[in-house]
Amino acid sequence: MTTTDPATPRAGGQDAARVLRVLVADDQELVRAGFRLILEAAGLAVVGEAADGAEAVALAAAERADVVLMDIRMTTLGACGPDAVSCLVAARPSMTGILM
């Protein structure tokens, strides 16, 4: 489980409070790191990385993620099983889940 403080202002001097907060969930560390690089280069705040569905649900709520980018074929989805995205949205209704 990895979290990051998104207090760094977005490129172009935009207010950090308006930066989209993204959580990356994938069971492969290298894939998570790659998505983190891409998202941060685009000016988004990656607030955490999760290695399974249960960790994603807990982190999304704790870090108040706006979006969760989740691997639909993770080997371990956790307690929510294939419905991890439903659990994520139930825990934080304003959040968007994106399956990859």
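A crossover is right-handed if, with the strands pointing away from the viewer, the path from the first strand over the helix to the second runs clockwise. Helices (H or I, at least four residues) and strands (E, at least two) are DSSP runs, numbered from the N terminus.

All views show a predicted model, in which local features need pLDDT of at least 70 and side-chain atom pairs count only at pLDDT 80 or more, while totals for chains, interfaces and linings use all residues. Residues are numbered from 1 along each chain as its sequence is written, and side-chain values use heavy atoms, with hydrogens and water left out.

**View 1**
β2, α1 and β3 form a β-α-β unit that is right-handed. The whole chain has three helices and five strands. Read from the N terminus, their order is β-β-α-β-α-β-α-β. Within the unit, β2 and β3 run parallel and pair over five bridges. Pairing requires that DSSP finds at least two bridges between the strands. Opposite V46 of β3 stands V22.

**View 2. Strand β3 under cover.**
Six of the six residues of β3 are buried. Buried means under 20% relative accessible area, exposed means over 50%, and partly exposed lies in between (1.4 Å probe, protein chains only). Across the chain of 100 residues, 38% count as buried. A45 belongs to β3. The relative accessible area of A45 is 10%, so this residue is buried. A45 and V19 are 26 residues apart along the chain, and their C-alpha atoms are 6.3 Å apart.

**View 3. The salt-bridge network.**
R32, R36, E40 and E49 are linked by salt bridges into a network. A salt bridge here is a side-chain nitrogen of Lys or Arg within 4 Å of a carboxyl oxygen of Asp or Glu. The search of the whole structure finds three. Side chains of opposite charge can pair when their charged atoms come close.

**View 4. E49 and its bridge to R32.**
The closest N and O atoms of E49 and R32 are 3.4 Å apart, in a salt bridge. This pair links distant parts of the chain: E49 lies in strand β3 and R32 in helix α1 (residues 29–41), 17 residues apart. E49 has a relative accessibility of 9%, so E49 counts as buried. R32 is buried too, because its relative accessible area is 10%.

**View 5. R36 between two glutamates.**
R36 and E49 meet through their side chains in a salt bridge of 2.5 Å, N to O. Here too, distant parts of the chain are linked: R36 sits in helix α1 and E49 in strand β3, 13 residues apart. Both partners are buried. R36 also bridges to E40, with the closest N and O atoms 2.9 Å apart. R36 and E40 are four residues apart in α1, so about one helical turn separates them. R36 has a relative accessibility of 12% and therefore counts as buried. E40, at 35%, counts as partly exposed.

**View 6. The largest nonpolar core.**
V68, M70 and L88 touch the most other members of this 16-residue core. A nonpolar core is a set of buried Ala, Val, Leu, Ile, Met, Phe, Trp, Tyr and Cys residues joined through side-chain atoms within 4.5 Å. At least two core residues come from each of β2 (21–25), β3 (45–50), α2 (53–63), β4 (67–70) and α3 (84–91). α2 gives the largest share, four residues. Beyond its neighbours within four places in sequence, L88 is in contact with A56, V57, A60, V68, M70 and M95. Contact means heavy atoms within 4.5 Å. A second, separate core has six residues, including V24, L39, V67 and L69. Among chain contacts between residues at least 6 apart in sequence, 70% join residues at least 24 apart.

**View 7. Helix α2 and its ends.**
The buried residues of α2 are G53, E55, A56, V57, L59, A60 and E63. At the start of α2, a side-chain oxygen of D52 comes within 3.1 Å of the backbone nitrogen of A54. R64 follows α2 and has a positive phi, near 55°.

Conventions:
A polar contact is a pair of N or O atoms within 3.5 Å; within protein, one must be able to donate a hydrogen and the other to accept it, and residues adjacent in sequence count only if both atoms are side-chain atoms.
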